[in-house]
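Could you show me around this structure? I have it open in a viewer and would like to know what to select next.

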Amino acid sequence: MAYTFKGGIHVDEHKHTCSCPVETLLDVPTVKISMNQNIGAPCVPVVKVGDKVCVGELIGEVPEGALGCPIHSSVSGTVSAIEEIRVPSGAVEKLVVIDSDGLYTKSESITPVTKSIKDIGRDEIIGIIKNAGITGMGGAAFPTYAKISSAVGKAELLIVNCAECEPFITADHRLLLEDAESVISGVKILLKAVGVSEAYIAIEDNKLDAVKNVKKLLGDSDMISVKVMKTKYPQGDERQLIYALTGRELASGKLPADAGCVIFNAATCASVYNAFADGMPLVRRNITVSGDCIKEPKNLSVPLGTPASVLIDVCGGLIKTPEKMISGGPMMGQAQWDFDMPVKKGTSSLLLLSQDYSKKPANPSVCIRCGRCIKNCPMHLMPAYIASFVQHDDMKNAEKYGAMSCVECGSCSYNCPGKVEIVQYIRVAKNYIRTQNIGMKKAKAASEEK
């Protein structure tokens with residue numbers, strides 16, 4: 001029987017690219033590498049206009065004492081600009097623009113780790129992963145070295161998240177078919193780093209070819225096993241994954257390590273292996289480019305900083321006028337407004353969708369009290385009530401009813417027959433509550449100083 005969790009929904013999968021092998025993209029004239037690619041502090045550029053750089057060369061440094069990951073050049077060439085852009089969140093990000101020379105010359109600092117993993121201590125492993133700039137590649141972009149450090153002494157089980165439950169995205173599926181060896185080798189390194197002896201590779205049952213391939217490669221391994229998950233959204237959320245595999249519930253505000261688990265994305269595991277086997281920092285990633293506006297949907301391996309416009313051209317251009325361009329999946333991804341939007345470490349897909357996928361209701365949205373959002377909420381909240389409180393500017397009750405526990409998976413909005421944008425109302429509440437809490441902390445600090 002496939003593992004699963006309580007709640008959730010079945011979405012139209014649109015996995016049109018599951019049979020498309022990953023194509024390596026090299027012909028990228030200019031990359032625009034963001035200095036803000038992880039949870040934590042943005043990096044500070046350590047290069048200037050006119051500098052020559054090589055692949056894997058450090059171009060962005062983490063401020064001293066801050067949480068973050070260094071950033072490296074994904075091409076060889078010349079730094080042509082350091083500019084700022086405003087992103088959809090409203091924040092301003094700094095970009096290092098590099099004109100590629102097309103040679104992809106590696107930095108002289110790139111050398112593989114020659115010692116056996118058995119002879120490397122935990123601190124050295126964490127240091128290599130940190131210096132390689134590896135973050136979670138499933139979308140959250142949490143620094144991997146920090147996740148390892150926080151799990152040491154707490155976690156007893158390592159979980160590799162291969163659910164890929166969002167519609168359209170198949171980059172990790174292809175990774176498990178084409179280069180599962182790197183994923184497995186990365187898992188072994190992470191097991192040593194965290195100090196646990198067991199790992200589960202969790203794959204949904206709509207990817208049985210990947211299940212078969214990984215099981216074949218693992219053989220009779222007593223450390224790593226494959227767990228087949230029921231295909232359901234949001235199976236890839238860490239709370240649902242932990243519950244499905246262990247039966248443990250992760251309380252709001254707690255980390256997976258508090259439930260005895262540590263979770264890594266499949267692509268993250270492969271990047272860890274590459275950092276050891278080749279010495280190469282995280283400078284490329286696999287990405288799915290799809291949607292009904294794309295002529296030839298593909299899976300691509302691209303340099304970080306590749307603009308969306310280049311990806312669209314490589315896939316044959318547009319056959320429809322897009323209503324939305326989304327970085328990530330259609331359920332939890334972020335709509336973009338700029339075709340120069342660059343690929344980041346956490347960018348799993350680029351979707352170009354027409355009006356057929358985003359039709360607005362002809363009539364005003366209204367809650368009909370059907371209870372679907374409550375039934376399907378994987379966090380066991382009452383989404384319609386929270387949305388109603390927000391509509392009536394009652395943020396106190398919105399918080400009381402658990403707005404901050406919402407994982408913003410979008411299951412409520414997707415399944416609402418009244419077409420209420422429930423998750424958007426909850427986001428408004430969460431932003432308000434966070435702002436209020438920050439204001440209260442500042443006021444308290446100012447009061448204590450007096």
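This is a predicted model: local features need pLDDT of at least 70, side-chain atom pairs count only at pLDDT 80 or more; totals for chains, interfaces and linings use all residues.

Select Ser34 and everything in contact with it (heavy atoms within 4.5 Å). Residues are numbered from 1 along each chain as its sequence is written, and side-chain values use heavy atoms, with hydrogens and water left out.

Now zoom in on the side chain of Ser34. A polar contact (N or O atoms within 3.5 Å, one able to donate a hydrogen and the other to accept it; residues adjacent in sequence count only if both atoms are side-chain atoms) joins this side chain to that of Glu93 at 2.8 Å. The Ser34 side chain also reaches the backbone nitrogen of Asn36, at 3.0 Å.

Next, select helix α1 (residues 122-131) and helix α7 (residues 266-277). Their axes, lines fitted to C-alpha atoms over the stretch in contact, with angles from 0 to 180 degrees between N-to-C directions, come within 10 Å and cross at roughly 100°. That makes α1 roughly perpendicular to α7 (65 to 115 degrees). Show side chains here: Ile125, Ile128 and Ile129 in α1 meet Val272, Ala275 and Phe276 in α7.

Last stop: helix α3 (residues 171-178) and helix α4 (residues 180-194), whose axes come within 5 Å and cross at roughly 90°. Leu175, Leu176 and Glu178 of α3 make the contact with Ala180, Glu181 and Val183 of α4.

Technical notes:
Helices (H or I, at least four residues) and strands (E, at least two) are DSSP runs, numbered from the N terminus. Angles under 35 degrees count as roughly parallel, over 145 as roughly antiparallel, 65 to 115 as roughly perpendicular and the rest as oblique. Lists of a residue's contacts leave out its neighbours within four places in sequence.
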